[in-house]
Number of protein chains: 2
Amino acid sequence: MRARAPASSANLGPGFDTLALALDRYVEVDVEPASRLIVRSEGEGAGVADDSSHLAARVAIDVAGTDRLAISVRSQIPLARGLGSSAALAVAAAAAAGATDPLAVAASVDGHADNAAASAVGGLVAAAWVRGAVRVVRLPLDVGLAFVVIVPEVALSTSRARQALPAAVGRDSAAFNLSRMALLLAGLADSRLLLPEATEDRLHQDYRSPLFPAAPKLLASLVTGGALASCWSGAGPSLLGICLGIDAHRVEDAANAALAEADVPGQVLVLHADHDGLIVDRDGSAGLYDDH
Amino acid sequence: MRARAPASSANLGPGFDTLALALDRYVEVDVEPASRLIVRSEGEGAGVADDSSHLAARVAIDVAGTDRLAISVRSQIPLARGLGSSAALAVAAAAAAGATDPLAVAASVDGHADNAAASAVGGLVAAAWVRGAVRVVRLPLDVGLAFVVIVPEVALSTSRARQALPAAVGRDSAAFNLSRMALLLAGLADSRLLLPEATEDRLHQDYRSPLFPAAPKLLASLVTGGALASCWSGAGPSLLGICLGIDAHRVEDAANAALAEADVPGQVLVLHADHDGLIVDRDGSAGLYDDH
């Protein structure tokens with residue numbers, strides 16, 4: 001069976017561990033019965049671990065209850081950059097292995113319910129753990145928005161990024177993020193309401209900056225370049241500029257200039273929201289790259 | 001000049017210091033030039049302080065720049081119960097005294113931007129302080145919802161209620177509230193998505209319970225009585241049941257039974273969202289009680 005799931009950008013500033021947005025880069029996984037475990041990978045992450053330690057293999061073996069599987073992974077999602085590559089891979093691998101609830105599998109394996117929810121459902125989502133299960137709601141997203149993503153050529157593991165965060169925060173900071181998240185949701189639903197302040201955050205972004213000191217300047221460059229707002233993408237180091245589609249290439253140019261000025265190697269992607277989420281193809285006839 | 005503003009219920013569980021909902025109980029304020037300060041009050045809070053210490057007088061004098069005013073206040077909003085009486089009064093008094101931005105006046109006087117925003121704008125709102133000013137967004141609200149409010153016959157001052165709250169909270173609690181607020185906003189926009197867990201909160205409600213020990217049982221009674229979810233209204237002690245309009249009287253009966261069983265004196269109100277917010281009537285011809 002073949003399954004495809006989109007990349008995602010989680011947190012979106014104030015929506016720490018809650019919000020995520022599906023983006024139109026994809027990972028595709030094929031799982032078929034075989035006489036022994038075979039793992040093949042192409043694209044992003046190709047050849048990193050083509051054996052039973054590959055996340056897709058771990059998920060598929062767990063779901064299928066056997067390791068007699070031929071697993072093929074093709075990915076367009078940069079790894080360990082804050083674009084939800086492992087959540088998307090887990091969702092797609094679970095579905096390709098026949099899971100009835102790929103989101104539940106992915107959320108339990110990956111631990112990031114927000115990214116997994118966006119990859120499973122598409123669009124702008126919020127994920128919450130309710131009585132031990134992931135509850136997902138889709139939230140309105142203005143179709144006129146585009147997303148300019150600065151992807152530095154440096155990996156930042158989510159666990160290391162999380163260790164940078166304090167265990168306790170001021171009650172005022174918690175309330176600050178609530179108010180900013182409300183502004184952000186209103187602005188993502190209707191881009192005319194989107195203010196740069198809507199992505200302000202006091203729970204994680206500033207604490208992550210020491211791991212990637214160029215981040216504040218790059219975030220600012222996205223807004224001065226024409227983005228309506230900017231924020232870290234997940235645990236970083238990727239940075240997201242939220243802009244009108246018509247401004248995307250102007251913002252892209254500004255981001256490239258800022259990367260060069262900061263002497264940070266990396267690339268800038270102009271992405272759009274994915275609204276389909278997980279697609280499962282029982283015939284295996286639809287190809288990932290056919291859509292692009 | 002005459003102005004009318006609705007009551008409001010703030011916080012709504014997870015939306016601490018951010019969300020508020022305008023409800024169809026009103027305060028109406030008339031302000032007219034006079035040879036000396038005259039303050040009259042009717043209804044809720046009548047005669048409590050009919051002099052320059054009355055909140056309406058303080059606001060109107062500040063806005064008008066003179067105390068040569070005849071100020072008349074008629075209120076349907078119980079005082080110090082968590083229904084935004086002072087924010088509504090400040091909004092209406094500021095408008096009746098000719099303020100160009102009654103919300104800004106009320107938010108600075110009362111300090112509760114969330115309540116003031118709901119009273120000024122109506123409906124479901126989020127308020128955020130952005131660069132020293134209150135920024136308000138309206139959020140979608142399902143018209144099929146009604147609000148059953150348990151109003152105990154005991155005042156709870158907001159400042160005392162706030163002293164019960166801790167200065168610091170776990171980062172997990174902050175994230176918990178973000179995820180619950182997202183569920184809540186989805187459920188308030190479409191009541192079919194509203195879960196009881198959407199009003200769960202880890203920032204303020206549990207800390208307030210010692211000030212009103214019957215609260216947890218009363219909150220539960222609203223849900224077992226048919227409400228989709230329940231929460232404290234502002235700083236309490238009023239408690240809000242969010243229900244379908246068709247279930248409101250069933251929930252009301254359950255709330256009355258629970259009040260009796262808990263031996264808590266009080267009343268139960270069945271309210272609806274106000275969608276108009278502040279109404280200013282330059283002729284002073286429209287009466288508050290005409291609408292009801």
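This is a predicted model: local features need pLDDT of at least 70, side-chain atom pairs count only at pLDDT 80 or more; totals for chains, interfaces and linings use all residues.
Where do A:Phe212 and A:Trp232 lie in chain A? A:Phe212 is in the loop between helix H7 (205–208) and helix H8 (215–224), while A:Trp232 belongs to strand E9 (residues 229–232), so the pair ties together parts that are 20 residues apart in sequence.

Now over to chain B. The ring centres of B:Phe212 and B:Trp232 are 6.3 Å apart and their planes stand at 85°, so this pair is edge-to-face. It links distant parts of the chain, with B:Phe212 in the loop between helix H7 (205–208) and helix H8 (215–224) of chain B, and B:Trp232 in strand E9 (residues 229–232), 20 residues apart. B:Phe212 and B:Trp232 are both buried. Over all chains, the structure holds two aromatic pairs.

Staying with rings for a moment, let's bring in some charge. A:Arg4 has its charged end over the ring of A:Tyr26, 3.7 Å from the ring's centre. Then there is A:Arg202, which lies over the face of A:Phe176, at 3.7 Å from the ring centre.

Next, please find A:Ser8 on the screen. You'll see it in strand E1 (residues 2–10) of chain A. Is A:Ser8 buried or exposed? With a relative accessible area of 0%, A:Ser8 falls under the 20% limit and therefore counts as buried. What does the side chain of A:Ser8 make a polar contact with? The partner is the side chain of A:Asn115, at 2.8 Å. If we set aside neighbours within four places in sequence, A:Ser8 is in contact with several residues, including A:Leu21, A:Leu23, A:Gly82, A:Ala118 and A:Ser233.

From there, on to the nonpolar cores. How many residues does the largest nonpolar core have? It has 169, and the residues with the most contacts inside it are A:Val29, A:Ile71, B:Val29 and B:Ile71. Apart from that core lies another one, of 23 residues, with B:Ile150, B:Leu218, B:Leu259 and B:Val268 among them. Going back to B:Val29, and not counting residues up to four places away in sequence, the residues it touches include B:Met1, B:Ile71, B:Val73, B:Leu89 and B:Ala96.

Let's step back and look at chain A as a whole. Its secondary structure comes to nine helices and twelve strands. The radius of gyration of chain A is 18 Å, close to the 19 Å that the globule rule gives for 292 residues, so chain A is as compact as a globular protein of that length. Along the principal axes, its C-alpha atoms fill a box of roughly 55 × 40 × 35 Å. Of the 292 residues in chain A, 61% count as buried. And among contacts in chain A with a separation of 6 or more, 74% come from residues 24 or more positions apart.

One last stop: A:Ala99. You can find it in the loop between helix H2 (85–96) and helix H3 (102–110) of chain A. A:Ala99 counts as buried, at 17% relative accessibility. Beyond residues up to four places away in sequence, A:Ala99 touches A:Val63, A:Ala94 and A:Val105. How far apart are the C-alpha atoms of A:Ala99 and A:Ser179? They are separated by 38 Å, and the two residues are 80 residues apart along the chain.

Conventions. Residues are numbered from 1 along each chain as its sequence is written. Chains are lettered from A and ligands numbered from 1 in the order in which they are written. Side-chain values use heavy atoms; hydrogens and water are left out. Rings of Phe, Tyr and Trp (its six-membered ring) pair if their centres lie within 6.5 Å; planes under 30 degrees apart count as stacked, over 60 as edge-to-face and the rest as tilted. Helices (H or I, at least four residues) and strands (E, at least two) are DSSP runs, numbered from the N terminus. Buried means under 20% relative accessible area, exposed over 50%, partly exposed in between (1.4 Å probe, protein chains only). A charge sits over a ring if NZ of Lys or CZ of Arg is within 6 Å of the ring centre and within 35 degrees of the ring normal. A polar contact is a pair of N or O atoms within 3.5 Å; within protein, one must be able to donate a hydrogen and the other to accept it, and residues adjacent in sequence count only if both atoms are side-chain atoms. Contact means heavy atoms within 4.5 Å. A nonpolar core is a set of buried Ala, Val, Leu, Ile, Met, Phe, Trp, Tyr and Cys residues joined through side-chain atoms within 4.5 Å. The radius of gyration is taken over C-alpha atoms; the globule rule is 2.2 Å times the number of residues to the power 0.38.
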